[in-house]
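Hello,

Here is the structure we talked about. Please open it first, then read my notes below.

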Amino acid sequence: MPTGTRSKERGIRVVITGKGGMGKTTLAALLARLFAQEGKRVLAIDGDPQQNLAATIGIPKAEAERIVPVSESTAYLREKTGAGADVSPGGLLTLNPDVSDVVDRFSVPVGRNVRLLVMGGVKEAGGGCLCPEYTLLAAILRHLQLLEDEVIILDTAAGLEHFGRAVAEGFTCAVVVTDHSYNAVSVARKSAVLAHQLGIGNVILVINRAEAKNDIHNACGSEGGVAEFSQTIVLPFDPGVSRADPAVTPLVDSDSAFIRNIETLAAAIAGRCESWSPPVR
């Protein structure tokens, strides 16, 4: 499969997807911190309706709970799309709203070089959806390619279909997270196919919480890889992740195999390497 080449104009634009409960939010937070440590300007986006990225990336719980997702800001929704409680369902909806101010108005600084934007969820999603929340959030994703941030990381709900073509227009890499279970791997392979259909060339498989060589074999088969993916990265099980919950970002300063392999993943996302990470012993 083609590994893809990131655009210098757009920088690194990565969407993280996969079955629920696989560790997508943890991975998004750690990647944001690692890229920031390199001196890159990072915009981390929470596109999951559960909205856990704020706490995971290190924002104190009380402050995280005060963040209003973009999709729940009725004033902004009305301003940009024309939707509102006093507008009839058959009213006109602005389908291509100007969202050039969204990051300045809604993003929250998180330490050095990182900003967080909580987008929130949608009532409906997918092709043909004309609900105002989806219209607004899809416009935000399309706008991302115009931003000057060197790295944009989108943490999604399970599956890429929620934003469809809007993801394809702005993202250069998809990271699909799985464990070794059959159901999770099946979802991962379907996500990879969809990512390629959307035109995302660099699709990386991450096998999370691997405890034994059999976990890798179960996920990838005896050939040692999965055809739908450009590369495969294995993240060994690390009890430190659950101990650090919810704020996992202090782990970036540890010298664990888990963090070293996430560093390998960051390099793969940035196009600095194309390699199978060290297997679990």
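**What I found**

Phe106 is buried, as its relative accessible area is 16%. Buried means under 20% relative accessible area, exposed means over 50%, and partly exposed is in between (1.4 Å probe, protein chains only). Before you go on, note that this is a predicted model: local features need pLDDT of at least 70, side-chain atom pairs count only at pLDDT 80 or more, and totals for chains, interfaces and linings use all residues. Residues are numbered from 1 along each chain as its sequence is written, and side-chain values use heavy atoms, with hydrogens and water left out.

**The aromatic pair**

What does Phe106 pair with? Its partner is Tyr76, and the aromatic pair is edge-to-face. The rings are 4.9 Å apart centre to centre, with 70 degrees between the planes. Rings of Phe, Tyr and Trp (its six-membered ring) pair if their centres lie within 6.5 Å; planes under 30 degrees apart are stacked, over 60 edge-to-face, and the rest tilted. The structure holds one such pair. Tyr76 lies in helix α4 (residues 74–81) and Phe106 in helix α5 (residues 102–106), so the pair ties together parts that are 30 residues apart in sequence. Tyr76 counts as buried too, at 1% relative accessibility.

**The whole protein**

The protein has 11 helices and eight strands. Helices (H or I, at least four residues) and strands (E, at least two) are DSSP runs, numbered from the N terminus. Of the 281 residues, 54% count as buried. Now look at contacts, which means heavy atoms within 4.5 Å. Among contacts with a separation of 6 or more, 79% are between residues 24 or more positions apart.

**The cores**

In soluble globular proteins, nonpolar side chains tend to be buried together. A nonpolar core here is a set of buried Ala, Val, Leu, Ile, Met, Phe, Trp, Tyr and Cys residues joined through side-chain atoms within 4.5 Å. The largest one has 48 residues. Which of them touch the most other members? They are Leu31, Phe35, Ile153, Val175 and Ile269. The largest share of this core comes from α1, with nine residues. Take Val175: leaving aside neighbours within four places in sequence, its contacts include Val14, Ile16, Leu27, Ile204 and Ile269. Apart from this core lies another, of 38 residues, among them Val70, Leu136, Ala192 and Phe229.

**Ile140**

Ile140 is found in helix α6 (residues 132–143). Is Ile140 buried or exposed? At 0% relative accessibility, Ile140 counts as buried. Not counting residues up to four places away in sequence, Ile140 touches Val70, Val99, Val102, Leu117 and Met119. Asp98 is 42 residues away from Ile140 along the chain, and their C-alpha atoms are separated by 8.7 Å.

**The largest pocket**

The largest pocket has a volume of about 520 Å³. On a 1 Å grid over the protein atoms alone, a pocket is an open set of points where a 1.4 Å probe fits, with protein on both sides within 12 Å along at least five of seven lines; lining residues have an atom within 4 Å of a point. Grid points are joined across faces, edges and corners, and a volume is the space filled by probe spheres set on the points. The lining has 25 residues, and the closest to the centre are Gly23, Lys24, Thr25, Thr26 and Arg209. The elements that give two or more residues are α1 (24–37), α2 (53–56), β7 (202–210) and α10 (239–244). α1 gives the most, with three residues.

**Backbone details**

Arg209 is found in strand β7. Its phi is positive, near 60 degrees, in a residue other than glycine. Arg209 is partly exposed, with a relative accessible area of 34%. Asn113 also has a positive phi, about 75 degrees, although it is not a glycine. Asn113 sits in the loop between β3 (108–109) and β4 (114–118). Last, a cis peptide bond joins Asp245 and Pro246, with omega about 5 degrees. Pro246 lies in the loop between α10 and α11 (257–269).

Best wishes
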